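Dear colleague,

Please keep it open while you read.

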Amino acid sequence: MEKFNLIRTFGVTELKVNETHLKECHTKIVEINRKKYFEMKNREFKLGIEIELKEDGSFNPILNNYYYKVYKTNNLKRFVFNIKFLKDVFVGHSVELIGKLLTGRVSFENRIELMKLDLLEKEILGLEEIHKEKLLQEENTLYSLALLNLLDKSEVIQSWINFRCDLSDLDIKEGDTIEVERVHILKGNDFNIREKIITTAPIEAREIKADRVVGYRKTCEISLEKIPRK
């Protein structure tokens with residue numbers, strides 16, 4: 001996401017979403033991997049939405065292709081504020097844009113992202129006070145922070161995943177299950193989290209393509225393990 005081509009910048013723009021009013025935001029259109037995004041950014045967050053850019057300069061959002069980031073903040077209050085702001089966006093509230101070079105409204109909806117942000121908000125507020133500020137002052141992924149409070153609450157989490165595997169790298173056949181392990185590095189803490197994901201539904205013939213296997217909403221079990229940092 002760091003490599004992009006700048007298509008157009010609109011300078012400082014005010015944003016109004018539901019009851020939230022942000023005055024110091026910068027808006028621009030960028031191209032990333034041949035796709036165009038409308039990006040809104042201030043000191044604490046950025047949000048990019050894929051768009052269809054028309055010849056007259058106007059644009060429409062393309063659903064379900066986006067990126068966002070909440071930057072490390074000085075306190076929990078600002079972190080929660082930005083999470084609530086993003087929740088208002090993903091629930092489908094219209095974002096009103098007010099600037100010298102840009103006025104209008106843009107909106108889209110993603111209930112899955114809303115669910116993840118809602119979970120994160122509840123989990124981070126449940127952390128011990130000593131961990132809240134320390135973790136939020138570091139660059140951690142939102143997903144890693146959400147896993148942190150689930151670590152000691154359940155041995156196995158029932159969930160689902162989307163995935164894509166290239167058959168040039170793996171030998172996958174009908175009836176197989178997939179197991180993935182990944183380690184989440186938690187900055188500002190003395191341990192990391194190992195996440196193990198195992199699909200519980202077998203691979204179906206329709207999911208095997210010529211050169212890849214693609215699964216959507218595949219049921220899985222997720223287990224978490226604390227790894228002391230050496």
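Two strands are said to pair if DSSP finds at least two bridges between them, and strands (E, at least two residues) and helices (H or I, at least four) are DSSP runs, numbered from the N terminus. In that sense β3 and β4 pair antiparallel over five bridges, with Met40 standing opposite Leu47 in β4, and these two strands form a hairpin with three residues between them.

Please note that this is a predicted model, in which local features need pLDDT of at least 70 and side-chain atom pairs count only at pLDDT 80 or more, while totals for chains, interfaces and linings use all residues. Residues are numbered from 1 along each chain as its sequence is written, and side-chain values use heavy atoms, with hydrogens and water left out.

The open sheet has seven strands in the order β5-β4-β3-β2-β1-β6-β7, with antiparallel pairing. Because β5 (59-70) and β7 (103-106) each have a single partner strand, they stand at the edges, and one side of each is left without a neighbour in the sheet.

Strand β2 (residues 20-32) is joined to β1 (residues 5-17) by ten bridges, the two running antiparallel, and Gly11 stands opposite Thr27 in β2. On its pairing with β3 (residues 35-41), β2 has seven bridges, again antiparallel, and Val30 has Tyr37 in β3 as its bridge partner. The hairpin of β2 and β3 has two residues between the strands, and Asn33 in the turn has a positive phi of about 50 degrees.

Finally, the buried residues (under 20% relative accessible area, 1.4 Å probe, protein chains only; exposed is over 50%, partly exposed in between) of helix α2 include Leu114, Leu117 and Ile124.

Best regards
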